[in-house]
Amino acid sequence: MSNEHQADATDARTPPVAVWQVIEKLKGKELNDWRLADVKGRASVEERNLNIGIPFGWYPIELSANLAPGEVRPLRYFSKDLAMWRGEDGQVHIVDAYCKHLGAHMGHGGKVHGNLLECPFHAWRYDGDGTVKDIPYARVIPPQVKRKCIRTWHVTEANRWIWAWYHPQDIAPLWEVVRLPETTDPDWTDYEVYEWNVWGSIQNMAENGVDVAHFRYIHGTANVPLGELRWGEWGRGADVKAKMGTPWGEVDGCISYDTMGPGQSWTRFTGISETILVACLTPVELDHVHARFCFTQPRAQAEGERAGVAKAIIRDICKQFDQDKVVWDRQKYETSPIICDGDGPIPQFRDFYSRYYVKA
Ligand code: FES
Ligand SMILES: [Fe+2]
């Protein structure tokens, strides 16, 4: 790859970056509002070729701490209305939201009764297997709902998140969520969470990591070396090693990126400041992804004398996401893209990613 144009590459905070004009003036609350706001007038899913389905896999739904025993929550993910609850026994369940009786959305106004979800409309009570266990005002439970009568979702908890398995044909999980010991280690900080709505597809977002040419034009950084790519059965990753100059001398830096399925990815930054980014991207609709970035760092570092550097890394990663969002929000999926020699391994990425879709 040619490096001749890289000498004047600037850093991510300077104006020549193409999308800078869109976000340069946004600060504080305005920036947060922009990250979450609807993008009005965007083209249809069909026009953007985004009607390619949602890739199957484990997806992060909610921070475990945000759902106490006895709580019910409505969810909208995977183009579906869902109801989630945590029973008194601590188990989390997710089911399709609509009650088989008269169609109430059980996530709105539903209650937890023991370990059962009670519909707000007439108090029919469902267990986590999607079976009606109790109708307080009836002597007989209709046989159609005495067996599983609504879709139930595979749920697990890992890395301080609740995860749900999505598969368009409701096939059981094909792999497990990867557990990251640091995320539950008391010597590491609580998650610092940043949130976005992206009005595009999760596949276009994933492709960004191997799109080497955009780093200069979108992020204003020199082309990032791809490092050693790892392509596994269900996951992929890369290790990018670089010497980094710091006020306290040169250090060996490494950015190590991993995915497991389309819905779990994490990045370890070592060298200047140790950081783990747990990137939580969950499809809502074919053109809408709910993104939450969770950062954790060793407490000794985040609360120590290099706290400023630790914070700066987080700020910079979020800024990069803002910059990509400007493109993702309106990006089309080019089914036959025209690729040049300076591009990264985009065809290889697409070939790999195709395993997450059910073949027609
Ligand atoms: S609609 Fe749910 S109990 Fe009647
Ligand atoms: Fe990017």
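A: Let's start with a pair of strands: S5 and strand S6 (residues 116-118) pair in the antiparallel sense over three bridges. Strands here are DSSP runs of E with at least two residues, numbered from the N terminus, and two of them pair if DSSP finds at least two bridges between them. Before going on, a word on the ground rules: this is a predicted model, where local features need pLDDT of at least 70 and side-chain atom pairs count only at pLDDT 80 or more, while totals for chains, interfaces and linings use all residues. Residues are numbered from 1 along each chain as its sequence is written, and chains are lettered from A and ligands numbered from 1 in the order in which they are written.

Back to our strands. Lys111 has Glu118, in S6, as its bridge partner. The two strands belong to an open, antiparallel sheet of four, in the order S5-S6-S7-S8. Strand S5 (111-113) and strand S8 (132-134) each have a single partner strand, so one side of each has no neighbour in the sheet.

There's another open sheet of four strands, also with antiparallel pairing, ordered S2-S3-S4-S9. Here strand S2 (72-77) and strand S9 (152-153) stand at the edges with a single partner each, so one side of each is left without a neighbour in the sheet. S9 runs antiparallel to strand S4 (residues 92-96), joined by two bridges, and Val95 has Thr152 as its bridge partner in S9.

Now zoom out. The domain assignment, whose bounds come from an automatic or database source, gives domain 1 (20-42 + 182-356) and domain 2 (57-166). Their centres, taken over C-alpha atoms, are 33 Å apart. Where they meet, 15 residues of domain 1 are in contact with twelve residues of domain 2; contact means C-beta atoms, placed from the backbone, within 7 Å. On domain 1's side, strand S17 (residues 275-285) supplies the largest share, six residues.

Finally, the inside. The largest nonpolar core has 51 residues, and Ala83, Trp163 and Ala164 touch the most other members. Such a core is a set of buried Ala, Val, Leu, Ile, Met, Phe, Trp, Tyr and Cys residues joined through C-beta atoms within 7 Å, and buried means 20 or more other C-beta atoms within 10 Å of a residue's own, placed from the backbone. Leaving out residues up to four places away in sequence, Ala164 touches Tyr59, Ile61, Ile94, Trp153, His154 and Val155.

Methods:
Two residues are in contact if their C-beta atoms, placed from the backbone, lie within 7 Å. A residue is buried if 20 or more other C-beta atoms lie within 10 Å of its own, exposed if 12 or fewer, and partly exposed in between; C-beta atoms are placed from the backbone.
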